[in-house]
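Please keep the structure open while reading.

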Amino acid sequence: MKAIQTTIITVSLTIFSLIRVSGQDIVITETPDTLKNALPEVNLTPMSEIDIPVSIGLKPVYYWANRFVDTMYTSPNYPAGWVEDGCSVRYQYQFKRGAFNFKATNNVLVAMYSGYYGVRGSTRICSPLGNSPWTPACSCGFGTEKARRIDAGFAAGFRLNPNYTLGVNVRLTEPSAIDKCSICFFGKDITTTVAAQLKAEMKVSIDDMQKQLQTFSLKPYLQTIWDTLQAPYAMPGFGYMGMQPQAIRISQAVLRNDSMFFSIGLSARPELRSDAAFAKKPLPQITDFSRRGGFSLYLAQTLPYDSLNAVANEQADGKEFTAGKGLFKKTVRIDSLKLLGGGEKIFIRVYLSKAIKGMVYLEGKLFWDTEK
């Protein structure tokens, strides 16, 4: 039998498989089979949570509301038509709304405005025997008389529904007549009648505005964010980072000054892995919001052996080391290496040349160096 001389090399891992020397294989133990009982990849990290404060300026909403709600209201068929109040009184009016003055208080958006109206009318005597002709019309707020002022407004509360639509509840305030019209109609105060008519017409406009606001949905905007978060992010040399969002939550809005404040909360399972085949989820319904206090982030790292092999070979390829002294001094060269997985352990197949030609299998257990 051919004599074999070996040199003992001390390493931090354990040599345990086979060495090819002088054309012969010396089997030490069984080589690892990393494909047996392969464990499924499961992200077992805790859920990552982050709350992001958001503020939205309301001035564009104010501008939109001022443009959406009518500024001019008139009696039916004005100026030719008349509104008859019973048999003895008829009138017509014109009302011009001033700009809304918005103020957010106690989580309610209050809009107040001043409007100015003019009214003209006439009277007649009604009896079972017949009615007299209408008297010549007299007026308030037309011609040389200043327009009569009425203050009114509305209050709006907002909420966000689970399907990302906006819930709006608008309540009209009672009109307050600052200047009354009682110079016509034999002293009859027509102000209350006109105010009631204006409130009814304003309600139609406000209801339309409310319906319009309720068609607004945050879903298209959050869908874009959700899809962006699900897109894998390439990290050269390591693989792909996937945020993998799981749930989204939005707090109810708080109104203050000219801004709306709320928080968007995200639950995710971020992961670093070798491929970009992350499973995508549809945008879920909004979950109940509870503030998490700051954020907590956990990252599952599924490090691919292909990537690790590339990094390891960049550092190890062509490296040479010597062992022994004098005539027994030998130089060994690392041609390449390959990493293999085996449960909690890692196996390294090292291809050697020069003094030792063949393969060496090493076994080790990975640990995380918190300092480096």
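1. What volume does the largest cavity have? The largest cavity has a volume of about 70 Å³, where a cavity is a set of points on a 1 Å grid over the protein atoms alone at which a 1.4 Å probe fits but cannot get out, and a volume is the space filled by probe spheres set on the points, which are joined across faces, edges and corners.

2. This is a predicted model, in which local features need pLDDT of at least 70 and side-chain atom pairs count only at pLDDT 80 or more, while totals for chains, interfaces and linings use all residues. Residues are numbered from 1 along each chain as its sequence is written, and side-chain values use heavy atoms, with hydrogens and water left out.

3. The lining of the largest cavity (residues with an atom within 4 Å of a point) consists of V61, W64, A65, F102, L109, F154, A156, F158, M209 and L213. Two or more of these lining residues come from each of α1 (59–68), β13 (148–160) and α2 (191–214), helices being DSSP runs of H or I with at least four residues and strands runs of E with at least two, numbered from the N terminus.

4. The second largest cavity has a volume of about 50 Å³, and its lining is formed by F95, Y113, I150, A152, P175, A195, L198, K199 and M202. Here β13 and α2 are the elements that give two or more residues, and α2 supplies the largest share, 4 residues.

Methods. 1 Å grid on protein atoms, 1.4 Å probe; cavity = no way out; pocket = protein on both sides within 12 Å on 5 of 7 lines; lining within 4 Å.
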